[in-house]
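Please keep the sequence and the three-dimensional view at hand while reading.

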Amino acid sequence: MRRVAYFFGGAAAAGAGTYVVVYLYRWQWQRAILCGVLLLVVEVLLLGIVLLGRLARIEERMRDADRRQEDVLARLREKEAPSGTGGGRFRWLDDEPASPTYVFVPVLMVTGVLLSGLAWLVQRIAAATARPTAERRLAGRLSVLAAPDPDGGTDLDDLPPPGAPRDRARTLRVLAAGVVGSALLAALVVGLADLTQTREEEASDSEATSLLLRVDMRGTDMTAERQSLAARQLWERCRDSTSVPLNRASLGELGDGLFAGVVRPALGDHDRMRLRGCLEDTGLDRTRLTVVGIGDADADDS
């Protein structure tokens, strides 16, 4: 399931990043911003998946350490109470004397009872006042010396010995991947900067540049007057998107949602791309403007 999430997340990030570059090249800033936001969302999602996986592995290691600590603690407690003695703490009281002692037997018995009672009292006081964290702390320190779980985990034979040199082939692969990734990223940044920079346009022999536009609007109340108003709003907004100010730019209505625009002086290739990208970018609600055609026009053209 995690691999499927990585696959779809990576595909979505690659698509969003590609369209960010495409829209930046086309000078369509609104669409580039939307794709950039989508790219950030996908990256945060992938980062969250990676962090959740790391946290799950950390929790599993902590549970494994707790299990080892409990095992070591149980062994320590088993050492405190030896088995096979019926729970007695003073085995010498149960031993029968090898020879009759007559007078000393009552004395030994009374002394043993007194010592046993004193030891029991000391044990009770110590159990009531001692903190159980000491045993757990000791078990936690000894858990690192416990054998690994044979059911799950890495076999000790598969691990490299301590102090062994790292695999050179793996190091070279990681280094080569880093160099190639850095080179591709640098090429992307330099290429995008070269494509989107403002250049000095060459002089054109044509008198003007003409554009044929189509305005599509959604909704039942979108009349011809609203189409004309939307077209003129977009036209006026994009008049300052080129390197040359469009002081002499006119827009006429042809009917059926078609409009003709004329710009003087004629625009170069880079300014055409900038003007087209601004006009076709998302600017008005429920309105889409499409540049049907763009070309140069001479003075004798009708």
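Predicted model: local features only at pLDDT ≥ 70, side-chain atom pairs only at ≥ 80, totals over all residues.

How many residues does helix 6 have, and how far does helix 6 reach from its first C-alpha to its last? Helix 6 has 14 residues, and its first and last C-alpha atoms lie 20 Å apart, close to the 20 Å expected at 1.5 Å a residue. Its buried residues are Q227, S228, A230, A231, L234 and W235. Viewed down the axis of helix 6, these buried residues fall within an arc of 165°, so they line one face of the helix. The spacing of such positions follows a general rule: an α-helix has 3.6 residues a turn, so residues three or four places apart point the same way. On the face of helix 6 turned away from the buried side are the exposed residues E225 and L229.

The buried residues of helix 6 pack against strand 1, strand 2, strand 3, helix 7 and strand 4.

The loop between strand 2 and strand 3 contains D256. D256 has a phi near 60°, a positive value in a residue other than glycine. For comparison, most residues other than glycine have a negative phi. With a relative accessibility of 81%, D256 counts as exposed.

Attention now turns to helix 1. The 24 residues of helix 1 should span 34 Å at 1.5 Å a residue, and the end C-alpha atoms are 34 Å apart, which agrees. Buried in helix 1 are G9, A13, A16, V20, Y23 and L24.

Two aromatic pairs are found in a search of the whole structure. F7 and F8 form an edge-to-face pair, 5.4 Å centre to centre with 75° between the planes. Both F7 and F8 are exposed. Y19 and Y23 form a tilted pair, with 5.7 Å centre to centre and 35° between the planes. Because Y19 and Y23 are four residues apart in helix 1, about one helical turn separates them. Y19 is partly exposed, with a relative accessible area of 45%, whereas Y23 counts as buried at 14% relative accessibility.

Helix 1 is followed by W27, whose phi is positive, near 65°. Q28 is found in the loop between helix 1 (2–25) and helix 2 (29–80). Is Q28 buried or exposed? Q28 has a relative accessible area of 2%, and is therefore buried. Not counting residues up to four places away in sequence, Q28 touches Y23, G277, E280 and D281. The side chain of Q28 also makes a polar contact with the side chain of R31, at 3.4 Å.

Key:
Residues numbered from 1 in each chain as written. Heavy atoms only, no water. Helix = DSSP H or I, 4+ residues; strand = E, 2+ residues; numbered from the N terminus. Buried < 20%, exposed > 50% of the residue type's maximum accessible area, 1.4 Å probe, protein only. Polar contact = N/O pair within 3.5 Å; in protein donor to acceptor, adjacent residues only side chain to side chain. Contact = heavy atoms within 4.5 Å. Phe/Tyr/Trp six-rings, centres within 6.5 Å; stacked < 30°, edge-to-face > 60°. Expected span 1.5 Å × (residues − 1). Arc of directions from axis to C-beta.
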